[in-house]
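Hi,

Here is the structure I promised to pass on.

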Amino acid sequence: MEQKYDALLAVGLCAAIKSYMVETAKTKNEKEKVKDVTVQNLINWGIVKNMDGILVPTNAFVLLTNNTFPFAKIQCALFKGTERVVFIDKRDFKGPLYEQIEEAYGFVLKHINLGAEINGLVRTDAYELPTEAIREAIVNAVTHRNFLDRSCVQVAVYDDRVEITSPGMLYGGLTIEQIKGWFKDSQQMYCGSV
């Protein structure tokens, strides 16, 4: 599928990247130091190619802007109980990958428990699962997926867990058994015999 470079989409992507950088900066000083993101940055990062003076979008550009790839989406579902039998809520998130990630993250937060802890006079809200781990798992599923696979990233929320599935195989022929073996070996090495 041949894509044409769209200058308005490029400018919008530059603004979205800068906005995210400002949003994630921790201090006011860091926020003020965030520079504008330019089309030249997109070229330097390989998101847009400059071929003899003609700007050409890469697949990354398409995935980060108008995303016309039918399987580049995240499917989220909330199930009743601990099995994939009864849907309570189901959503498909399409569009730029970074927006899909935020929407899927919001879906999970909406459907997991939020509790409160009181220390002295201060109340702190806390989700039942670490939110940083949820975001990281969704980002990894999208980033490391096989875009040639006709499946979608799937996020399933159950009463007792959250499962995130990414299309594709483990890198370099790695197997689940190898990972389990390494994990067991490391537990024995650092914790004594298991």
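For a helix, the expected span is 1.5 Å times one less than its number of residues. Keep in mind that this is a predicted model. Helix 5, residues 97-111, has 15 residues, and its first and last C-alphas lie 21 Å apart, close to the 21 Å expected.

Which residues of helix 5 are buried? They are Leu97, Gln100, Ile101, Ala104, Tyr105, Phe107, Val108 and Leu109. As a reminder, an α-helix has 3.6 residues a turn, so residues three or four places apart point the same way.

Helix 5 also takes part in the largest pocket: at least two lining residues come from each of helix 1 (7-24), helix 5 and helix 6 (131-143). Helix 1 gives the most, with six residues. The pocket holds about 530 Å³ of space and has 19 lining residues, with Tyr20, Tyr98, Ile101, Glu102 and Val139 nearest its centre. By type, the lining splits into 13 nonpolar, four charged and two polar residues.

Now the cysteines. I searched the whole structure for disulfides and the count is zero. Cys76 is in none, with the nearest cysteine sulfur, that of Cys152, 11 Å away.

Cheers

Key
Residues numbered from 1 in each chain as written. Predicted model: local features only at pLDDT ≥ 70, side-chain atom pairs only at ≥ 80, totals over all residues. Heavy atoms only, no water. Helix = DSSP H or I, 4+ residues; strand = E, 2+ residues; numbered from the N terminus. Buried < 20%, exposed > 50% of the residue type's maximum accessible area, 1.4 Å probe, protein only. 1 Å grid on protein atoms, 1.4 Å probe; cavity = no way out; pocket = protein on both sides within 12 Å on 5 of 7 lines; lining within 4 Å. Points joined across faces, edges and corners; volume = space filled by probe spheres on them. Nonpolar A, V, L, I, M, F, W, Y, C, P; charged D, E, K, R; others polar. Disulfide = S-S within 2.5 Å.
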